[in-house]
Amino acid sequence: MGHRKHSQPRRGSLAYLPRGRAKSMEARIRTWPDVKADQPKLLGYAGFKAACMRIASIDDREKTPNFGKQLVGLGTVVVTPPMSIIGIRGYSRDRYGVDSTFDVYAKDLPKELSRLFKTKPDEKGIERAEKSLSHIDELFAIAAILPRKAGLEQKKPYVFEVSVKGGDIPKQFAFIKDLLGKEVKIDQVFQKGVEVDVAAITKGKGIEGPITRWGVKKKQHKSRKSVRALGTLGPISPSTIMYTVPRAGQRGFHQRTQYNNRIMIISNTANEELKINPAGGYKHFGVVQGDYVVIRGSIPGTYRRLVKLRAPVRPKLTKVTPPKILEVMINK
């Protein structure tokens with residue numbers, strides 16, 4: 001017998017196979033852009049998704065129909081507490097891949113971090129690391145974000161790597177060494193108007209059927225006993241089910257990276273000119289305190305979840321200009 005017809009998923013949806021649950025609440029960044037600059041700089045930051053709002057701005061994209069006109073669009077508030085630089089990690093590359101060569105940590109870590117890192121003070125760790133720089137191909141700053149500083153109840157901090165690019169390896173090491181044990185703010189890493197890539201874990205939906213999960217077409221009324229099920233899972237022979245057949249399973253709580261999101265606002269709640277907190281705070285977050293950024297459009301994840309900002313690997317902007325914000329409309 002030949003193949004039977006069945007509903008096909010939407011075009012491009014197979015690119016996200018397998019759609020399993022993420023292993024962690026924290027998204028992992030596996031790729032960093034190549035930056036050709038003389039001075040080293042950090043390429044990433046992290047914050048917590050807080051709320052959505054509407055932004056009225058002047059469209060500054062040249063050669064577009066709306067250039068110079070007023071646009072009203074969605075914006076996402078991300079609370080960005082200070083990021084602590086607690087260590088340096090060096091990687092060397094061989095024919096088998098990359099290996100961690102050394103780790104150097106700051107002497108006096110905060111109480112929340114000293115519980116995670118049971119490291120003894122090493123006075124000569126930096127000296128040994130400097131001697132091995134000739135074998136190092138990549139340098140990363142080990143950074144930490146404390147949720148308490150964003151007004152959240154979580155005690156356990158998030159610890160992750162942030163790539164450092166620009167200049168040569170000795171310059172990069174001296175750059176991180178100067179920041180070791182200090183706090184970095186969002187305006188020291190990104191500026192207003194730049195594009196960033198956002199990595200986060202999407203909102204979980206649980207187990208869903210193939211209609212909702214893959215967008216296949218429902219069957220015609222009375223054609224079969226079931227309406228929201230597939231017409232067939234494949235041929236009779238061979239009696240196997242291909243991975244391309246849309247099946248029921250987990251939907252949401254996946255790791256996703258969204259490219260080229262423009263930063264519209266970088267500010268602090270102490271700024272009296274720009275008020276973003278509604279009376280009583282936001283519904284699912286509370287009152288935004290300290291540094292924050294507003295990103296154009298929506299980003300993955302639910303409120304209070306960690307999101308990571310990275311320098312774009314597919315940049316589109318040829319020049320960076322601060323956006324012209326006319327009004328911020330808060331969703332109460």
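Reader: Which residues form the nonpolar patch on the surface?
Author: Leu14, Leu17, Met242 and Tyr243 form it, with about 410 Å² of accessible area together, where areas come from the Shrake-Rupley method with a 1.4 Å probe and, for residues, only the protein chains shown count as cover. Patch members have over 30% relative accessible area and no salt bridge, with like charges joined within 9 Å and nonpolar side chains (Val, Leu, Ile, Met, Phe, Trp, Tyr) within 5 Å. This is a predicted model, in which local features need pLDDT of at least 70 and side-chain atom pairs count only at pLDDT 80 or more, while totals for chains, interfaces and linings use all residues. Residues are numbered from 1 along each chain as its sequence is written, and side-chain values use heavy atoms, with hydrogens and water left out.

Reader: New topic: how many salt bridges are there in the whole structure?
Author: A search finds 14, a salt bridge being a side-chain nitrogen of Lys or Arg within 4 Å of a carboxyl oxygen of Asp or Glu.

Reader: What does Arg262 pair with?
Author: Its side chain meets that of Asp60 at 2.9 Å, N to O, and the two residues are 202 apart in the chain.

Reader: Is Arg262 buried or exposed?
Author: Arg262 is buried, with a relative accessible area of 10%, whereas Asp60 is partly exposed at 25%; buried means under 20%, exposed over 50%, and partly exposed in between (1.4 Å probe, protein chains only).

Reader: And which residues are linked in a network of salt bridges?
Author: Arg89, Asp103 and Glu161 are, and within that network the Asp103 and Arg89 side chains meet at 2.8 Å, N to O.

Notes
Helix = DSSP H or I, 4+ residues; strand = E, 2+ residues; numbered from the N terminus.
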